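Morning, everyone. I'll take a few minutes on one model.

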Amino acid sequence: MGGSGGVGSFLKVILNNFDILAGPVVSLVYPLYASIRAIESKSPVDDQQWLTYWILYSMITLFELTFAKLIEWLPFWSYAKLITTCWLVIPYFNGAAYVYEHYIRPYIVQRKAVNIWYVPRKKDVFSKPDDILTAAEKYIQEHGTQAFEEMIHKAEGERRPQTSNYVFYDDDYRY
């Protein structure tokens with residue numbers, strides 16, 4: 001008799017505390033596992049998903065620490081957090097990547113100052129001296145090939161006055 005009541009009460013405790021028990025699994029255990037797999041994979045897509053997740057998780061945690069007294073008065077907070085975390089974590093939704101692409105990235109890209117003036121610095125006497133190729137490689141890594149080509153075309157336009165609107169083609173070369 002005591003065995004059946006024990007199982008029923010155990011299940012009742014599990015169901016009543018589902019958010020408390022599922023929270024760490026959803027917000028920590030699975031993301032840790034998926035992050036390790038992302039590190040081991042060659043794809044940058046899963047890296048973005050999990051790096052963004054950990055940034056958002058940190059922000060949520062900081063929010064909770066800052067507003068702990070207020071959150072105590074919100075009985076639905078643990079459920080809202082669990083649902084949000086599921087959306088951020090579950091691969092079907094890729095919520096963290098969505099937040100990054102639609103909210104974080106546009107903010108960063110829009111306000112990012114483009115520094116075309118790379119000043120080479122020598123670290124020590126024995127290191128390879130920086131040169132124009134190193135500067136170009138660094139710029140391409142930071143801003144992409146397209147931005148580098150646009151910068152070159154802009155510099156060429158400022159340096160040479162436009163004398164003609166004609167473009168001459170000779171086999172592989174453009175004049």
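One term before the numbers: a residue is called buried when under 20% of its relative accessible area is left, and exposed when over 50% is. This is a predicted model, so keep that in mind for everything that follows. On that definition, 17% of the 175 residues of the protein count as buried. The accessible surface comes to about 14,800 Å². Carbon and sulfur atoms supply 65% of that area.

Now the layout. There are eight helices and two strands. Along the sequence the order is α-α-α-α-α-α-α-α-β-β. And the contacts? Take the pairs of residues at least 6 apart in sequence: 49% of their contacts join residues at least 24 apart.

Still, α6 has a kink. Where does the kink in α6 lie? It lies at R105, shortly before the proline P106, and the bend is about 40°.

Which residues of α6 are buried? They are G95, A96, A97 and V99. Their cover includes α3 and α5.

T52 counts as buried, because its relative accessibility is 4%. Leaving out residues up to four places away in sequence, T52 touches A96, Y100 and I104. An α-helix has 3.6 residues a turn, so residues three or four places apart point the same way. Keep that spacing in mind when you look at A96, Y100 and I104, the contacts of T52.

Next, the salt bridges. How many salt bridges does the count come to? The count is one. E64 pairs with K81, and the closest N and O atoms are 2.9 Å apart. The pair links distant parts of the chain: E64 sits in α3, residues 44-66, and K81 sits in α5, residues 77-89. They are 17 residues apart. K81 counts as partly exposed, because its relative accessibility is 23%.

Now go to the loop between α5 and α6. N94 lies there. Its phi is near 50°, a positive value in a residue other than glycine. N94 has 33% relative accessibility, so N94 counts as partly exposed.

Last stop, the surface. Which residues make the nonpolar patch? They are W87, I90, Y92, F93, Y98 and Y103, and the patch has about 700 Å². Why does Y103 count as exposed? Its relative accessibility is 56%, and the cut-off is over 50%.

To recap α6: G95, A96, A97 and V99 are buried, Y103 is exposed, and the kink is at R105. That's my tour. Over to you.

Methods. Residues numbered from 1 in each chain as written. Predicted model: local features only at pLDDT ≥ 70, side-chain atom pairs only at ≥ 80, totals over all residues. Heavy atoms only, no water. Patch = residues over 30% accessible without salt bridge, like charges linked within 9 Å, V, L, I, M, F, W, Y side chains within 5 Å. Areas by Shrake-Rupley, 256 points an atom, 1.4 Å probe, with all protein chains shown as cover. Salt bridge = Lys/Arg side-chain N within 4 Å of Asp/Glu carboxyl O. Buried < 20%, exposed > 50% of the residue type's maximum accessible area, 1.4 Å probe, protein only. Helix = DSSP H or I, 4+ residues; strand = E, 2+ residues; numbered from the N terminus. Bend = angle between axes of the 7 residues up to and from the residue. Contact = heavy atoms within 4.5 Å.
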